[in-house]
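Open the model in your viewer and keep the selection tool ready. We will go stop by stop.

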Amino acid sequence: MEHNTPLISTVVVGLVLAFILGLAAHRIRISPLVGYLVAGVLMGPFTPGYVANQNIASELAEIGIILLMFGVGLHFSLKDLLAVKAIAIPGAVVQIAVATLLGTGLGWLLGWPIGGGLVFGLALSVASTVVLLRALQDRRLVDSERGRIAIGWLIVEDLAMVLTLVLLPALAGLLKGDTGDGASWTAVALPVAITLGKVAAFVAFMLIVGRRVIPWLLHYVAHTGSRELFRLAVFAISLGVAFGAAMLFDVSFALGAFFAGMILSESELSQRAANETLPLRDAFAVLFFVSVGMLVDPSIIIRDPLPLFATVLIIIFGKSLAAFAIVRAFGHPTRTALTISASLAQIGEFSFILVSLGVALGLLPDRGRDLVLAGAIISIMLNPLFFALLDRFVAVTDGKSPATTEPPSDAQPGPPGGHVVLVGHGRVGGVVSAALRAEGLGVVVIEDDPDEVARLQQQGLTAFSGNAAASDLLQAADVAHARGLLIAIPDGYEGGQIVAQARALNATLTIVARAHSEEEVAHLKHNGADVVIMGEDEIARAMVARIGAAATG
């Protein structure tokens, strides 16, 4: 049997290396994304040892982007997109213009022609879809105002890059100075009109036809009762629409998948569809980071240290400062401006496509491509740290206690006799919080969504923003003197870490946790939870009790 299978070896080696190095990165308290990127470097052609197939890795990563954008679309309705157009459109345009000017200036200093500098600057102006969405999802900001603005901003950037990729071949002659007569403007105007027409046709098709066909199809499959067919239908819709959009309308895969998800978000089955795509979405997102790492030649750090440093500064600070300024100019709070700036302080997949096309057209030298690729991996590696620093800065400037500090001495989290610490203030936690307050109990909330924490604080509740698995945050919530700890977050394994930290601070604390499986129940109890409630069990008991009461009544 033939074992020379580049597809299988790329997937297996990529996932195994990403797992090992991601776990190592997590162990030393840095983002697992760094481990994924290093795994790609080790698999790339610039380091000794095994070399994976770059084309296959890139195509697998593209599938991940499709599934990821489809999932985002499921949580981002057309109404939400239109709601942020006033800030997303001018903000993205100004930020792209600033980054392009800075990149063009750097290219001029390096002796490149105007066309090469323009392509270089455009490549530095567009953020990575995967990196941005991963950062927002980790902080549960996708459904917040800040998340909607960031995603709307990203969609505008993607549309601008789609237009750029279509127009660049037609403009190549002008940018290289090969033509100078008036006929060249006709060659520019025609591709612009055709591209805008195709995008408009795709949007109209999705709003007129897709809005009727996609929800109907998914409802029909759901009524068959087959979970397998439903899952297959979700993948067929997301991948099929993305592929059809690219083939028929010349729209990017990511944009096509986003619109498919956005149309489906109007259906009550959207949450189920999102859950079905989650496992594969995560796996292919990992492969995306591995594929990025494979593009990087580590020797550029030695060959071009100063140009590389300038490139990273443009990515991290140049366009981020422009984004911050325009968000503040539109009257949004500092927290929103900082979140948008942090979200955009990296580059990714569109940048790789653009520089490859620029090199192929003879506009951009190979040196420019290497700088963009190295700048991308450095910015992606620094982005989680940038977010962490900004989170702490926002907490301090907003007058809140950061996760690593004790609450003020005059802060009384609850009435005499102890309070209840509630971890998670989502659908379940919100109901629990209201019930506890109705009983007159003092409640201290730990929630990782800063917007929700701000809302609770405005209502007079004591609330802390951050991950409750950090012992410093549990100390700030005064778990040592609490009468109970309620863990309402949906992840039982993360809840187990919180239970262990809380039990170390208070051996007699009553801990009640939430679980979704027998494995999570065992994990939580092993770490010290007194009571673990599994939603399915409680629903079953309630149903039996109701039918029993009806039979005897």
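Select Asp530 and Arg503. They form a salt bridge, with the closest N and O atoms 3.1 Å apart. A salt bridge here is a side-chain nitrogen of Lys or Arg within 4 Å of a carboxyl oxygen of Asp or Glu. Asp530 sits in the loop between helix H22 (518–526) and strand E6 (531–534), and Arg503 sits in helix H21 (residues 492–505), so the pair ties together parts that are 27 residues apart in sequence. Helices (H or I, at least four residues) and strands (E, at least two) are DSSP runs, numbered from the N terminus. Asp530 is partly exposed, at a relative accessible area of 43%. Buried means under 20% relative accessible area, exposed over 50%, and partly exposed in between (1.4 Å probe, protein chains only).

A word on the model. It is predicted: local features need pLDDT of at least 70, side-chain atom pairs count only at pLDDT 80 or more, and totals for chains, interfaces and linings use all residues. Residues are numbered from 1 along each chain as its sequence is written, and side-chain values use heavy atoms, with hydrogens and water left out.

Stay with helix H22 and pick Glu518. Glu518 lies in this helix and is exposed, with a relative accessible area of 53%. Patches are made of residues with over 30% relative accessible area and no salt bridge; like charges are joined within 9 Å, and nonpolar side chains (Val, Leu, Ile, Met, Phe, Trp, Tyr) within 5 Å.

Next, select Asp304 and Arg367. Their side chains meet in a salt bridge (3.0 Å, N to O). Asp304 is in the loop between helix H13 (300–303) and helix H14 (305–329), and Arg367 is in helix H17 (residues 366–397), so this pair ties together parts 63 residues apart in sequence. Are the two partners buried or exposed? Asp304 is buried, at 9% relative accessibility. Arg367 is partly exposed, at 32%.

Move to Asp250 and Lys198. This salt bridge has its closest N and O atoms 2.5 Å apart. Asp250 lies in the loop between helix H10 (227–249) and helix H11 (253–264), with Lys198 in helix H9 (residues 183–222), so the pair ties together parts 52 residues apart in sequence. Asp250 is partly exposed at 38%, and Lys198 is partly exposed at 29%.

Now go to helix H1 (residues 6–27), where you find Leu7. Select Leu7, Ile8, Val12, Val16, Phe19, Ile20 and Leu23: they make a nonpolar surface patch of about 670 Å². Leu7 is partly exposed, at 46%. Thr10 is also in helix H1, but Thr10 is buried, at 3%. What does Thr10 contact, leaving aside its neighbours within four places in sequence? Its contacts are Met43, Tyr50, Ala52, Asn53, Ile56 and Ala57. Contact means heavy atoms within 4.5 Å.

Zoom out to finish. The protein chain has 23 helices and 6 strands. Buried residues make up 49% of its 553 residues.

Key:
Accessible areas come from the Shrake-Rupley method with a 1.4 Å probe; for residues, only the protein chains shown count as cover.
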